[in-house]
Amino acid sequence: MNNSVDGLPGAILFDLDNTLCNFIDAKFAACRAVTEYIGTGDEKELFEHFLRPVYSFEDTRHIADYMMAKGVYTPEDADHAARLFEDIKIAHICPYPGVHDTLNHLRALGIKMAIVTDADQTQAERRLKKCEIASYFPVLVTPDRSGKRKPDHTPFRMALRELAASGPVWLVGDSVRREVIPGNELGFTTVYARYGDCFPQYNPEFSSDHVIDRFSDLLSILS
């Protein structure tokens, strides 16, 4: 693990959800809209349904299963609930405070930037467009492109190849398991975005090089 960085990084790899944008808040809003529509349950209960290892975290089939469990399933209502979920989720997605100004500053410094996310390509592109930050990232690596999910090293290596960057590499993310640990293993300077970690799990064996509580704190690390 790098304990210091000489000069500016040549590249910064960013996680997307809960690092650049408020994904979990948006997902809770979408779950709330669905439970209000079907007239039973609550957003926390439906959100926990999405945590099951049955489908991927964003698969709306979780909603159909939830409706079946509540005894309110019909194909028509399930289809409507799935569309409602996606509409409300994207409507509530927004960048964290300071994201635009910070990314603009990093780009002005000549630092190359990429996103490595576990969201699929379509979902990631929608969120980047909604947040109006797609132009900062010439490289977007998703599982449907790399064939792997974090913490596997493959998507990070793919991002660096496509960036063709030289010099030190930073990795910024909200997950110890999916970003900090693989970043340390790859020799990156790791920046733990603590403000976005909705499910913190203490791990005494691993630590990040830096911890930030606001996205704009990246600039103070650079100075």
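Reader: Which strands does helix α8 lie across?

Author: Helix α8 (residues 154-163) lies across β1 (11-14), β2 (112-116), β3 and β4, and it runs at about 150° to β2. Helices (H or I, at least four residues) and strands (E, at least two) are DSSP runs, numbered from the N terminus. Axes are lines fitted to C-alpha atoms, for helices over the stretch in contact (heavy atoms within 4.5 Å), and angles run from 0 to 180 degrees between N-to-C directions.

Reader: What kind of model is this?

Author: This is a predicted model, in which local features need pLDDT of at least 70 and side-chain atom pairs count only at pLDDT 80 or more, while totals for chains, interfaces and linings use all residues. Residues are numbered from 1 along each chain as its sequence is written, and side-chain values use heavy atoms, with hydrogens and water left out.

Reader: And the sheet, what is its strand order?

Author: The order is β3-β2-β1-β4-β5-β6, in an open sheet of six strands with parallel pairing. Two strands pair if DSSP finds at least two bridges between them. The edge strands, β3 (139-141) and β6 (210-212), each pair on one side only. On average, neighbouring strands of the sheet are turned by 20° against each other, direction ignored.

Reader: How many bridges join β4 to β5?

Author: Four bridges join strand β4 (residues 169-173) to strand β5 (residues 189-193), and the two run parallel. W170 stands opposite T189 in β5.

Reader: Turning to the helices, at what angle do α3 and α4 cross?

Author: The axes of α3 (residues 61-70) and α4 (residues 75-92) cross at roughly 130° and come within 9 Å. The two helices are therefore oblique to each other (under 35 degrees is roughly parallel, over 145 roughly antiparallel, 65 to 115 roughly perpendicular and the rest oblique).

Reader: Which residues of α3 and α4 meet?

Author: From α3, I63, A64 and M67 meet D77, A78, A81, A82 and F85 in α4. This contact of α3 with α4 has seven nonpolar residues, no polar ones and one charged. Ala, Val, Leu, Ile, Met, Phe, Trp, Tyr, Cys and Pro count as nonpolar, Asp, Glu, Lys and Arg as charged, and the others, Gly among them, as polar.

Reader: What about α4 and α6, at what angle do their axes cross?

Author: The axes of α4 and α6 (residues 121-131) cross at roughly 40° and come within 9 Å. This makes α4 oblique to α6. E86, K89, I90 and A91 of α4 meet Q123, R126, R127 and K130 of α6. The contact of α4 with α6 divides into two nonpolar, one polar and five charged residues.

Reader: How many aromatic pairs are there?

Author: The count comes to seven aromatic pairs (rings of Phe, Tyr and Trp, its six-membered ring, with centres within 6.5 Å; planes under 30 degrees apart are stacked, over 60 edge-to-face and the rest tilted). The rings of F14 and F215 have centres 5.8 Å apart and planes at 35°, so this pair is tilted. F14 lies in strand β1 and F215 in the loop between β6 and α10 (217-222), so the pair ties together parts that are 201 residues apart in sequence.

Reader: One last topic, the backbone: which residues does a cis peptide bond join?

Author: A cis peptide bond joins K150 and P151, with omega of about 15°. P151 is in the loop between α7 (143-146) and α8.

Reader: And what is the phi of N18?

Author: N18 is not a glycine, yet it has a positive phi of about 70°. N18 is located in the loop between β1 and α1 (23-38).
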